[in-house]
Amino acid sequence: MARKRILITGAAGFLGSHLCDRFISEDFHVIAMDNLITGDLRNIEHLFKLENFEFYNHDVSTFVHVPGELDYILHFASPASPIDYLKIPIQTLKVGSLGTHNLLGLARAKHARMLIASTSEVYGDPNCNPQPEEYWGNVNPVGPRGVYDEAKRFQEAITMAYHTFHGVETRIVRIFNTYGPRMRLNDGRVLPAFIGQAIRGEDLTVFGDGSQTRSFCYVDDLIEGIYRLLFSDYPYPVNIGNPDEITILEFGEEIIKLTGTDQKLVTRPLPTDDPKQRRPDITKAREILGWEPKVSRAEGLKITYEYFKSLPKDIIEKIEHKDFANYNK
Ligand SMILES: NC(=O)c1ccc[n+]([C@@H]2O[C@H](COP(=O)([O-])OP(=O)(O)OC[C@H]3O[C@@H](n4cnc5c(N)ncnc54)[C@H](O)[C@@H]3O)[C@@H](O)[C@H]2O)c1
């Protein structure tokens, strides 16, 4: 039987590269697409020798053409961290809107099923905790994070419209903070920022008083949830994340313990629109997909710390403080 063909956008990024690995291991023909604006070919270079893997260097905010049949599309192309989307706000808005529109058109033409990567950021700074899918969010459209949050909200809206109006088979995953190997140390998220600071022997920067909460999902758990959602028949948004919530202060202490360093936590002013709490309600994922996270924070952090420690010294050293430590996302 011919292999199923899947297009993965954002394939050279953190999550996209793990998705490529998963679908290759399930014997799919993987067509990877990325314009490398935040991604890195080193994340997928081990796949280049395979006959069932191909790569296109292409910006999906422009017209997307893929020769041959397509069974599935996973749209993961988008700047995803606060550092990135503050640096490239227009590209962020374009890939969520124009990029999604282009890919939905492709899905329609090829009769492919399309899954989009949405985010817990659609909830903004939430007024309820945990956040169920029915919560509509509390987003500031003109704040610094608006370019990302609103692009993702539009992305969900146009995806639902293609589903209801054109009958395209669509799936929407709302991803909560995910971590693991191939994250970038300087992407502005709290986890790599803390680990990077610990490895370099710097104090760990906490923004605000550190009472804001986050919850972290290990990448293998997320990929399993996405895989199950793609093959489910559920077209509405599903939260995938780890509900194990922790304050930034407690998390900083965990990192200091893990890395065995004697750094301190130092505080700085809280940035604008920083969400105070973040925790997924995963009832739907449990009921519809039979999914829940399996990897504890202790296990996942250990693997991730080993990965960061194994990076070439110049990558770890060259990151300047101002590059990474603006947000405790
Ligand atoms: N990592 C998380 O915790 C998280 C949480 C919520 C949502 N998401 C979503 O998951 C997706 C992937 O995130 P990530 O953490 O892997 O980020 P990432 O930056 O590592 O990967 C994104 C990839 O998309 C590529 N890209 C961006 N714009 C493009 C364009 N116009 N055309 C082609 N390629 C383009 C980048 O070069 C990069 O390789 C994003 O859509 C993001 O919004 C991630």
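Contact means heavy atoms within 4.5 Å. The model is predicted: local features need pLDDT of at least 70, side-chain atom pairs count only at pLDDT 80 or more, and totals for chains, interfaces and linings use all residues. Residues are numbered from 1 along each chain as its sequence is written, and side-chain values use heavy atoms, with hydrogens and water left out.

**Exercise 1. Describe the surroundings of Phe251.**

Step 1. Phe251 is in helix α7, residues 248-259. Helices (H or I, at least four residues) and strands (E, at least two) are DSSP runs, numbered from the N terminus.

Step 2. Phe251 has a relative accessible area of 0%. It is therefore buried (under 20% relative accessible area; exposed is over 50%, partly exposed in between; 1.4 Å probe, protein chains only).

Step 3. List its partners. Neighbours within four places in sequence are set aside. Phe251 then contacts Val190, Leu191, Phe194, Phe216, Ile246, Arg297 and Leu301.

Step 4. Ser215 lies 36 residues from Phe251 along the chain, and their C-alpha atoms are 9.8 Å apart.

**Exercise 2. Determine how far helix α5 is covered.**

Step 1. Take the range. Helix α5 covers residues 190-200.

Step 2. Count. Ten of its eleven residues are buried, so α5 is mostly covered. 

Step 3. Name them. The buried set is Val190, Leu191, Pro192, Ala193, Phe194, Ile195, Gly196, Gln197, Ala198 and Arg200.

Step 4. Look past the end. Gly201 follows α5 and has a positive phi, near 80°.

**Exercise 3. Characterise the packing of α3 on α4.**

Step 1. Recall the description. Two packed helices are described by the angle between their axes and the distance between the axes.

Step 2. Apply it. The axes of α3 (residues 89-110) and α4 (residues 146-166) come within 8 Å and cross at roughly 15°. Axes are lines fitted to C-alpha atoms, for helices over the stretch in contact, and angles run from 0 to 180 degrees between N-to-C directions.

Step 3. Classify. The two helices are therefore roughly parallel (under 35 degrees; over 145 is roughly antiparallel, 65 to 115 roughly perpendicular, the rest oblique).

Step 4. List the contact residues. Pro89, Thr92, Leu93, Gly96, Ser97, Thr100, His101, Leu104, Gly105 and Arg108 in α3 meet Val147, Tyr148, Ala151, Phe154, Gln155, Ile158, Thr159, Tyr162 and His166 in α4.

Step 5. Sort them. Nine are nonpolar, nine polar and one charged. Ala, Val, Leu, Ile, Met, Phe, Trp, Tyr, Cys and Pro count as nonpolar, Asp, Glu, Lys and Arg as charged, and the others, Gly among them, as polar.
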